[in-house]
Number of protein chains: 2
Amino acid sequence: MTLMTDPQNLNAYMADIGRSAKAAANELRLASSDTKAKALNAMAKYIHEDRAFIEAENLRDMQAARKKALSEAMLDRLALNEARIENIASGLKAIAALPDPVGAVEKDWVQPNGLKFSKVKTPIGVIGMIYESRPNVTADAGALSVKSGNACVLRGGSESINSNRAIHASLVKGLEEVGLPATAIQLINTTDRDAVGLLLGGLGNTVDLIIPRGGKNLIARVQKDARIPVLAHLEGLCHSYIHHAADRSKALDIVENAKMRRTGVCGSTETVLIDPEIAGSILPDLSNRLTSLGCELRGDVQACRIIPTIEPASESDFATEHLAPILNVAIVNNIDGALQHIAKYGSGHTDAIITEDAKAADKFLSEVDSAICIHNASTQFADGGEFGFGAEIGIATGRLHARGPVGAEHLTTYKYQLRGTGQIRPK
Amino acid sequence: MTLMTDPQNLNAYMADIGRSAKAAANELRLASSDTKAKALNAMAKYIHEDRAFIEAENLRDMQAARKKALSEAMLDRLALNEARIENIASGLKAIAALPDPVGAVEKDWVQPNGLKFSKVKTPIGVIGMIYESRPNVTADAGALSVKSGNACVLRGGSESINSNRAIHASLVKGLEEVGLPATAIQLINTTDRDAVGLLLGGLGNTVDLIIPRGGKNLIARVQKDARIPVLAHLEGLCHSYIHHAADRSKALDIVENAKMRRTGVCGSTETVLIDPEIAGSILPDLSNRLTSLGCELRGDVQACRIIPTIEPASESDFATEHLAPILNVAIVNNIDGALQHIAKYGSGHTDAIITEDAKAADKFLSEVDSAICIHNASTQFADGGEFGFGAEIGIATGRLHARGPVGAEHLTTYKYQLRGTGQIRPK
C-alpha cells in the first residue's frame, strides 16, 4: 500500500519534514534534562493508555503480512501483544531515567596562557532512521533521539506502517504534553520507496546522520545511496576461540550460551575455533551438548577427523552469519591462527577468547580488531543493555564516530568551550 | 604533467596501493609507541639530511607554477626554503614527543555481574588524504597517521608533486630505518585526476576515511563523490560578538587580533557583531584601529549610520569567508540577535563573545552551535597547537566522529574489551 505516490508532492512533503526536523532540533538541543525526561515518561504513559489501539493497528499489519505470506520469523518480529506493548512503555521509562549525555564535560584543561578548555557533549542535530519490521524500533529510536537532544525522522518498513503510526501518535502526545515540538519525532507517513532515496540525500542539508537497521539489502542500499554520514550495523559474524589453556567447563558453558541462548541475535557465535591440544578432548563434549540442543555442527577437515559424524563446513560457511542453530568448527594452529581466521572471516563485531592464560587473553584483546573483544564470557553480551547503556539503537560495525553498541551518549557530538580573560594570539 | 595515463594501469596501480596500505595498517596498528616515535624522529633526521634535494625538487615545482602564472598567494603556499624545511623536521619531532593515543583507556567500569569493561582507543586503519599546494601537509599527514597507528594514502596537488615526492622519500627512509613497512605512508605518484575518483571510492574497501584539505571546489567534489566516510574542513566563517557588558579595551584588542593577526587562516573573524548600547562608543575606535592597519570595514545599515564612511555590507558579505583584511560589521539587538545572526551565516567553526557578564558568556557558550565557542579571547586560537594537540591535520566542521581541530588522537576509533570469569547471559 502506497499512501502517497505523486512524486512532486513527495518532494514537497519530504522537504517539509526536513525543514521542520531541523527547526525542532534547534529546540531539542537546548531542552533541559528534566523536560526531556518528562517527555519520555509521558510517552510511556500514552503508549500504555493507547495499548488497545496500538494492538488493533498491529493486527491490521499482521493480517496484511499473512496475506503476503511473510515468514514466521518476520511475523514474529512484527507482532505486538499487550506484554510487548508494556515492554515498549517500560523501555521509554528506562531511557527517561538514564543520565542526560548532553552537556557532559568529557575533558577540561588549562593552557599555559590561562585559556580554559572544556570539551562538552552536544546533540548531533537531525537523525534519520531507516528500519524494518520491528515496530518497537519506532519508540526506541524516537526516545533515544529525544534523550540525546536530537530530532529524528523515522522510516519504518511498509509491513509495519500501521503499528508505527499508532506508536508514533503516542510519542507525539508525550512531546506535546511537555511543550516540546511535535516534529521532534516524525514518521514518514508513506510507503513510497522514493522517500528513502530522498532521506538518504539528506533532505537539503537538514539531516545529519542516517542509521539503518535491518537486513543486508537495506544496509547495502543505504551505503550505496547515502550522501550524508551513515552509522551502519552490518552483520555479526562472531567467533568464540577455545585456547589450549581454557577451563573445560567454562568453555562448554560459554560456547553453548554464545551459540544457543538466542541464535537470531547479532552477538551469537557463528564459529568456534579450537586449539589442537584441547580439540580432541573438548570437541566431543561440545558436540554432544550442542547436538542435544538441536544445533548442527559443521567442521573443517581436522574437526571432522575428530568427530567423523560432523558435516564438513564449506568455505562459505565460515563467511556466513547463520543466525540459526548451526555452528562452524575450525581447529586452528594457535592463537595467531585464531586471530588470522577472525581477521579473514570476521565482521569486526564481537569475538571472544576462552582461556585461563592471562597473557594469551591480553594478546587476544589487544590484537583482535573488533568492536567488542571478550575474555571468558559469552559473545551474547554484545548488547547495549549489558554494557549499561540502558538501550541501544543498534551495534555499529563501522570505524567512524561510534563503534559497538550505540546508546543515547553515542548520538552526540561535542564542542569546545574556551574561557579567556582577554587572550590574543601572538603573531 | 601526468605521470600515468593508461586507465587500466591506473586501476591496477591504485588497487595495489589500497591492498598494501591495508596490510601496512595491520602492522602499524600493533606497533609500539616507542617504534612509532623512533620512526618519526628518523623521518625528521632524513628531512634534515635531504633538505638540499627537497629544496631543488621544490624549485622545479615553483618554476612550473610560475609558468602557469599561479597567484602570489599560491606560490607562497607552495614555496619551500631551508627554514620551512627545518620547520617540517621539527614538526615531526614534536609529533614524536606527543603521547601515543593508541591503547589509551577512555573509560572503564564493572557491571553488576562482574564483567569488566574497558573502552580503549585503537587506530582507524587506512586514511586517504587529498590536499592542495602546501607540501608540508605531506609530512604532517604522514606523521599524524603513523603516530595514531594508521596507514595513509596521500594525494597532493599536481603543482607540488615534485616537492611531495622528495618529502615522501625522506619519510619512507624513516619508516624503513625502524622496520615499519614503507607502504605505511604512500604517495599517489601520478597527477591523473582519475586517481582521486578511485581513492574516493575506497579502493575496494581498503580505505576507511578520507580527509580533504583545500579549497571549496575540492571539498565539494569529495563530498559529492566519496563512497566512504569523509572528515571535511569546510570554511571558517567566524564571528566576534561585542556584548554590551564588554570591556572596551579587551574588545578592541581581541577583535583586532581576531581579524588581523593573520587574515588568511580559517579562525580569523569575518564579522563583528555589536550590541546597540555599546556600538556608538566602540565602533569609531574599532574602525580607526582596523583602518589604520589596512582593514576595510563593511557595515549594515545601523553601523553605517554610526560611521557614515563605512562601506555598506551586502547580504553576501555576511555569508563570505573573506580570508582578507575585510571585516563585516552588524549591530544586533541583543545576545539572541547575535545567536540568530551566527546561526544564519556562520559555518559552525569558531565564534566568540566578548563580555564581562558571566551569565551572558555561559548562555553564548552553551547556545552557539559551533565546534569552538570562545569567551573573551581571539577566534584565532582555533588551532590544534593552541589546544595542546601538538599538530593538526585540519579543523573538522562536520558533526560526526571529530569536530574542531583534528590531531593524532582524533584519528582513532575505539573498541571495548570485556574481561569475564565465565559469565554467560541469562535467557
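**Entry 1: a residue in a helix**

I started with B:E82, which sits in helix α5 (residues 82-97) of chain B. The model is a predicted one, and I kept that in mind throughout. Is B:E82 buried or exposed? I found B:E82 exposed, because 12 other C-beta atoms lie within 10 Å and a residue with 12 or fewer counts as exposed. Leaving aside neighbours within four places in sequence, I noted contacts of B:E82 with B:R51 and B:E55. I also looked up B:H410, which is 328 residues away from B:E82 along the chain. The C-alpha atoms of B:E82 and B:H410 are separated by 31 Å.

**Entry 2: the nonpolar core**

Next I looked for the largest nonpolar core and found that it has 240 residues. Which residues have the most contacts inside this core? They are A:L92 and B:L92. I then listed the contacts of B:L92, leaving aside its neighbours within four places in sequence. They are B:L40, B:M43, B:A44, B:I47, B:A139 and B:A143.

**Entry 3: how the two chains are related**

Two copies of a chain are related by a rotation about an axis and a shift along it. I looked up both values here: chain B can be laid on chain A by a turn of 180° and a shift of 0.0 Å along the axis, with an RMSD of 0.1 Å. The two copies are therefore related as by a two-fold rotation axis. In chain B, B:H401 has the C-alpha nearest the axis, 1.8 Å from it.

**Entry 4: where the chains touch**

How many residues of chain B are in contact with chain A? I noted 52, in contact with 52 residues of chain A. On the chain B side, the elements that give two or more residues are α10 (248-260), α15 (358-367), β13 (372-377), α16 (384-387) and β16. The largest share, eleven residues, comes from β16(B). By type, I recorded 21 nonpolar, 17 polar and 14 charged residues on this side. I also checked whether the chains use matching surfaces. Of the interface residues of chain B, 100% are also interface residues in chain A, so the copies meet through the same surface.

I traced an open sheet of ten strands with mixed pairing. Its order is β10(A)-β9(A)-β11(A)-β8(A)-β7(A)-β12(A)-β13(A)-β16(B)-β2(B)-β1(B).

Strands of a sheet pair through backbone hydrogen bonds, either parallel or antiparallel. I looked at the pair that crosses from one chain to the other: β13(A) and β16(B) run parallel and are joined by five bridges. In β16(B), B:Q423 is the bridge partner of A:A377. Within chain A, strands β7 (residues 238-242) and β12 (residues 350-354) pair in the parallel sense over four bridges. There A:H239 stands opposite A:D351 in β12(A).

I also noted that helix α15 (residues 358-367) of chain A lies across β12 and β13 of chain A together with β16 of chain B. Helix α15 runs at about 160° to β13(A).

**Entry 5: an enclosed strand**

I moved to strand β6 (residues 209-213) of chain A. Five of its five residues are buried, so this strand is largely enclosed by the rest of the structure. In a regular strand the side chains alternate between the two faces of the sheet. In β6(A), I saw A:L209, A:I211 and A:R213 pointing one way, and A:I210 and A:P212 the other way. Strand β3 (residues 126-131) of chain A runs parallel to β6(A), and five bridges join them. A:I127 has A:L209 as its bridge partner in β6(A).

**Entry 6: two positive phi values**

Most residues other than glycine have a negative phi. I looked up two residues with a positive value. A:L203, not a glycine, has a phi of about 50°. A:L203 is in the loop between α8 (194-200) and β6 of chain A, and counts as buried because it has 22 C-beta neighbours inside 10 Å. B:N376 has a positive phi near 55° and lies in strand β13 of chain B. With 23 C-beta neighbours inside 10 Å, B:N376 also counts as buried.

Note on methods
Residues are numbered from 1 along each chain as its sequence is written. Chains are lettered from A and ligands numbered from 1 in the order in which they are written. This is a predicted model: local features need pLDDT of at least 70, side-chain atom pairs count only at pLDDT 80 or more; totals for chains, interfaces and linings use all residues. Two strands pair if DSSP finds at least two bridges between them. Two residues are in contact if their C-beta atoms, placed from the backbone, lie within 7 Å. Axes are lines fitted to C-alpha atoms, for helices over the stretch in contact, and angles run from 0 to 180 degrees between N-to-C directions. A residue is buried if 20 or more other C-beta atoms lie within 10 Å of its own, exposed if 12 or fewer, and partly exposed in between; C-beta atoms are placed from the backbone. Copies are superposed by least squares on the C-alpha atoms of residues with pLDDT of at least 70 in both. A nonpolar core is a set of buried Ala, Val, Leu, Ile, Met, Phe, Trp, Tyr and Cys residues joined through C-beta atoms within 7 Å. Ala, Val, Leu, Ile, Met, Phe, Trp, Tyr, Cys and Pro count as nonpolar, Asp, Glu, Lys and Arg as charged, and the others, Gly among them, as polar.
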